[in-house]
Amino acid sequence: VSTQSTGASGYLLSNRMAFCVGGAVGGLFGDRIGRRRSIITGLIFQIIMTTIALNCYSVMWYVLFQALNKIAFGIIMPSAQSLALESCPAAKRFLVKVVFGYSGCAGAVFGAFVGRYYEYYGWRNVQLLVTFPCYLALFTFLFLDPSPRYLLVKGEKKKAEQIVRTFLTRNGKQVDEKFCLTSELDIKETPGSYKDLFKHGLARHSYKLMYIIFMKGIFASTLYISMPYLLGTKTKGKVESSNDPDNCYSINTRAQSNLLTAFLPDLVINPSLLLVAQCYGRRTAISIAMFLSSVSFLFSVLLSFGSSAFSLAIGTAIAAIAAGRGVIMLYTSELYPTTLRGVATGMIWVTDNIGSFTSPFLAEYVILAVPRLFICLAATGVGVSAVVARTLDTETLNKPLAASVADMPARKRSVLSI
C-alpha cells in the first residue's frame with residue numbers, strides 16, 4: 001500500500017498511537033481486574049467501534065473509530081498473552097507461542113488475500129468479513145476459565161483450586177481430596193504498576209528488552225510497509241480526492257500479491273526459532289533471531305531490488321526479527337511475576353509501537369532516497385540487539401512462573417508448577 005500521501009502516513013501513525021494507548025491500558029487492566037475480564041472488555045469495545053466505523057460516511061470519522069478499534073485491540077493483547085501462558089505447563093509454553101505465531105501469520109496472509117478483492121466487493125463488505133472473528137472470540141472467552149495464578153494473587157484461593165482441579169481432570173490426572181495450592185497469606189503483594197518494572201533489580205532486564213523490541217519496531221515496521229517499493233511495485237494506485245470512504249482508496253493488487261513473500265519465510269522461521277528457545281533457552285533464541293535478521297539485511301544490500309533473491313532475503317530478515325519478538329514476549333511473560341506480568345507485556349507492546357511511530361515517514365522520505373543505507377543501519381541496530389540479548393542474565397527455560405517479586409531472586413518453585 002502506498003504511503004506517498006500525508007493522509008496515509010497519518011492513518012498509520014494514528015493506528016500506532018492507538019496501539020500504544022491500548023497496550024498501556026490493557027497491561028494495567030490485566031493486572032487489576034483480571035486477564036479474562038480485560039479481554040472481554042476489549043472485545044466488546046472493539047465490536048462497538050468496528051460497527052460504528054462500518055456505518056461512517058466521512059473519512060475523518062472512519063479514521064477516528066478505526067483508531068479506537070486499535071485501542072481495543074491493544075487492550076486485549078497483554079492479557080491474552082498472560083492468560084495463555086498462565087494456564088499451561090512450563091514445558092508447553094513454547095507451543096502456545098507457536099500457535100500465536102502461526103495464527104498471526106495466517107491472519108496476515110488471509111488479510112492480504114482478501115485485500116486483493118477490495119475494489120470488487122467494496123471496503124464495507126471486506127471490513128465486515130474481517131470483523132467476524134471478534135464476535136467468535138467474544139463468544140469463546142465468555143466460557144473460558146480465568147487465570148488461577150491471578151486468582152491466587154487476588155486471594156481467591158478456593159476458585160483457583162477449583163479451576164486447577166478441572167485442568168487436571170481434563171488431562172486425565174487423579175486429584176487428591178486434600179489437594180491444596182498454597183497456604184493462606186503466602187502471596188502478599190498487590191498488582192504493581194509500570195514504575196515497578198524498573199525496581200527490585202528488574203531495571204536491567206526492562207531496559208535491555210525495551211532496546212531490542214524498539215529496534216524491531218523501527219526497522220521491521222519501516223521495511224515491511226516499504227515492501228511494494230523495494231520489490232519494484234511502487235505505485236500510488238488510484239487516489240480519489242473525496243471525503244467519502246466509499247470513494248477514497250489506494251490499491252495496488254500486484255504489490256499486495258508480492259507482500260505475501262514476506263510471510264513465506266515466517267512459516268518456517270517462527271516455529272523453528274521457538275523450538276530453539278525450548279531446546280537451548282530464550283536468550284539464545286532471541287540472539288539467533290536478531291543475528292539472522294542482521295545478516296539477511298546485509299545480504300539483501302548486495303542484491304538487486306525487485307529480484308526474487310532480494311525478496312527472499314528481506315522477507316527472511318523481517319520474519320526473523322518478527323519471530324524474535326514472539327520469543328521476547330514469551331521470555332517477558334516468564335521473567336516477570338504474576339503481579340507484574342500484565343504491565344510487563346504491555347511495556348513490550350507499547351515500546352514496539354513507539355518504535356513504529358516513525359515508520360510511515362521513514363518509508364516515505366528515507367527509503368525512497370537512500371534505501372541501501374537504511375538497510376545497512378537496520379543491520380547494525382538489529383546486530384547490536386543480538387549482543388544485548390546475550391547479556392540478559394536470567395534464563396526462564398522450563399522455570400516455574402513467579403507469583404510475586406519476592407519469588408524471583410531464588411526462583412522458588414511456583415505453587416502452580418503443573
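Biologist: Which residues is Q66 in contact with, leaving aside its neighbours within four places in sequence?

Modeller: In this predicted model, Q66 is in contact with Y11 and Q127. Contact here stands for heavy atoms within 4.5 Å.

Biologist: Where is Q66 placed, and why is Q66 called buried?

Modeller: Q66 sits in helix α3, which covers residues 59-86. Its relative accessibility is 3%, and buried means under 20%, so Q66 counts as buried.

Biologist: What makes a pair of cysteines a disulfide, and how many are there?

Modeller: A disulfide is a covalent bond between the sulfur atoms of two cysteines. The rule asks for a pair of cysteine sulfur atoms within 2.5 Å. By that rule the count is 0 disulfides.

Biologist: Are C88 and C134 buried or exposed?

Modeller: C88 has 11% relative accessibility and so counts as buried. C134, at 11% relative accessibility, counts as buried too.

Biologist: How many salt bridges does a search of the whole structure find?

Modeller: The search finds 9 salt bridges. One of them pairs D352 with K216.

Biologist: Why is the pair of D352 and K216 called a salt bridge?

Modeller: The closest N and O atoms of D352 and K216 are 3.3 Å apart. The cut-off is within 4 Å, so the pair is a salt bridge. D352 lies in helix α15 (residues 341-355) and K216 in helix α9 (residues 203-225), so the pair ties together parts 136 residues apart in sequence.

Biologist: What makes D352 and K216 buried?

Modeller: The limit is under 20%. D352 has a relative accessible area of 5%, so D352 is buried. K216, at 13% relative accessibility, also counts as buried.

Biologist: Which side chain meets that of R325 in a salt bridge?

Modeller: That of D352, at 2.7 Å from N to O. R325 lies in helix α14 and D352 in helix α15, so this pair ties together parts 27 residues apart in sequence. R325 has a relative accessible area of 18% and is therefore buried, the limit being under 20%.

Biologist: How do you know that R282 and E334 form a salt bridge?

Modeller: Their closest N and O atoms are 2.8 Å apart, and the cut-off is within 4 Å. R282 lies in helix α13 (residues 282-301) and E334 in helix α14 (residues 308-335), so the pair ties together parts 52 residues apart in sequence. R282 is buried, with a relative accessible area of 0%, and E334 is buried at 1%.

Technical notes. Residues are numbered from 1 along each chain as its sequence is written. This is a predicted model: local features need pLDDT of at least 70, side-chain atom pairs count only at pLDDT 80 or more; totals for chains, interfaces and linings use all residues. Side-chain values use heavy atoms; hydrogens and water are left out. Helices (H or I, at least four residues) and strands (E, at least two) are DSSP runs, numbered from the N terminus. Buried means under 20% relative accessible area, exposed over 50%, partly exposed in between (1.4 Å probe, protein chains only).
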